[in-house]
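Here is a briefing for a first look at this structure. Take the points topic by topic.

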Amino acid sequence: MREEKDCRLFFALWPDQELRRQIIELFDAFELKDSKARFVRAMNIHMTLHFIGNVSFAERDCLRFEAAKQGGRPFQLQIDCQGFFEKPKVLWLGCSRPPRALFDLQRDLGQLLLPCGFVPEDRPFNPHVSIARKLRREPAPVEFKGLDWLADRFVLVESRSIASGVEYRVIDEFPLV
């Protein structure tokens, strides 16, 4: 019999309210003509570092304990390009030149989580912020001024299914100092 899991989790960079507002303002520039296409809910905007999946409360506590050991300093990102994942039909924003510190944070955090039974994905880390889902085709490129993001913390987020889709709730924050 399969063990019941208590929550669905991921680690992410979480934008502050001002950056979130700036990302949402960009939504108007994209013409989503597909009837099924949907922009990501404003409060769900994030950059995933590691998707964990379904875990028990004990595993969640282990993840929190190990993540608190993460070192690293704040770093600056510039969201200045867009892209499209063909298979999942997702429009995203990203960095044309992601900083080394972002890759270091993602790699080091993954290593810290090993004692909790987490195994990082094999595929290369592709930092991005999903902004729309269920598109039939890639929208035309949109010109926009780069958005500055001071990454001074990362978060542990719980994903919950609700009637209108998915809701993300930050359950812990880990400062980069």
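β3 gives the largest share of the lining of the largest pocket, 5 residues. Strands here are DSSP runs of E with at least two residues, and helices are runs of H or I with at least four, each numbered from the N terminus. The model is predicted: local features need pLDDT of at least 70, side-chain atom pairs count only at pLDDT 80 or more, and totals for chains, interfaces and linings use all residues. Residues are numbered from 1 along each chain as its sequence is written, and side-chain values use heavy atoms, with hydrogens and water left out.

**The largest pocket**

- A pocket is found on a 1 Å grid over the protein atoms alone: it is an open set of points where a 1.4 Å probe fits, with protein on both sides within 12 Å along at least five of seven lines. Lining residues have an atom within 4 Å of a point.
- The largest pocket holds about 900 Å³ of space. Such a volume is the space filled by probe spheres set on the points, which are joined across faces, edges and corners.
- Its lining has 29 residues. Thr48, Phe51, Glu121, Arg123 and His128 lie nearest the centre of the pocket.
- Two or more lining residues come from each of β1 (7-13), β3 (47-55), α3 (100-112), β7 and β10 (165-175).
- By class, the lining has 14 nonpolar, 10 polar and 5 charged residues. Nonpolar covers Ala, Val, Leu, Ile, Met, Phe, Trp, Tyr, Cys and Pro; charged covers Asp, Glu, Lys and Arg; the others, Gly among them, are polar.

**The second largest pocket**

- About 320 Å³ of space lies in the second largest pocket.
- Residues that line it include Arg38, Phe39, Arg133, Lys134 and Tyr168.
- β2 and β10 are the elements that give two or more residues to this lining. β10 gives the most, with 3 residues.
- The lining of the second largest pocket counts 4 nonpolar, 3 polar and 4 charged residues.

**An open sheet**

- Four strands form an open sheet in the order β2-β7-β6-β5, with antiparallel pairing. Two strands pair if DSSP finds at least two bridges between them.
- β2 (38-39) and β5 (81-85) are at the edges with a single partner strand each, so one side of each has no neighbour in the sheet.
- β2 pairs with β7 (residues 129-133) over 2 bridges, in the antiparallel sense. Phe39 has Ala132 in β7 as its bridge partner.
- β5 and β6 (residues 90-94) are joined by 5 bridges, also in the antiparallel sense. Here Phe84 stands opposite Leu91 in β6.
- β5 and β6 form a hairpin with 4 residues between them.

**Aromatic rings**

- There are 7 aromatic pairs. Rings of Phe, Tyr and Trp (its six-membered ring) pair if their centres lie within 6.5 Å; planes under 30 degrees apart are stacked, over 60 edge-to-face, and the rest tilted.
- Phe11 and Phe154 make a tilted pair, 6.1 Å centre to centre with 55° between the planes. Phe11 is in β1 and Phe154 in β9 (residues 153-162), so this pair ties together parts 143 residues apart in sequence.
- Both Phe11 and Phe154 are buried. Buried means under 20% relative accessible area, exposed over 50%, and partly exposed in between (1.4 Å probe, protein chains only).
- Ring pairs link Phe11, Phe154 and Phe174 into a cluster.
- Phe27 and Phe39 are stacked, because their ring centres are 4.2 Å apart and their planes at 10°. Phe27 is buried at 9% relative accessible area, whereas Phe39 is partly exposed at 29%.
- The charged end of Arg20 sits over the ring of Trp14, 5.0 Å from the ring centre. The rule asks for NZ of Lys or CZ of Arg within 6 Å of the ring centre and within 35 degrees of the ring normal.

**Positive phi in two lysines**

- Lys89 lies in the loop between β5 and β6. Its phi is near 60°, a positive value in a residue other than glycine. Lys89 is partly exposed, at 24% relative accessibility.
- Lys134 is in the loop between β7 and β8 (147-151). Lys134 is not a glycine, yet has a positive phi of about 65°. At 58% relative accessibility, Lys134 is exposed.
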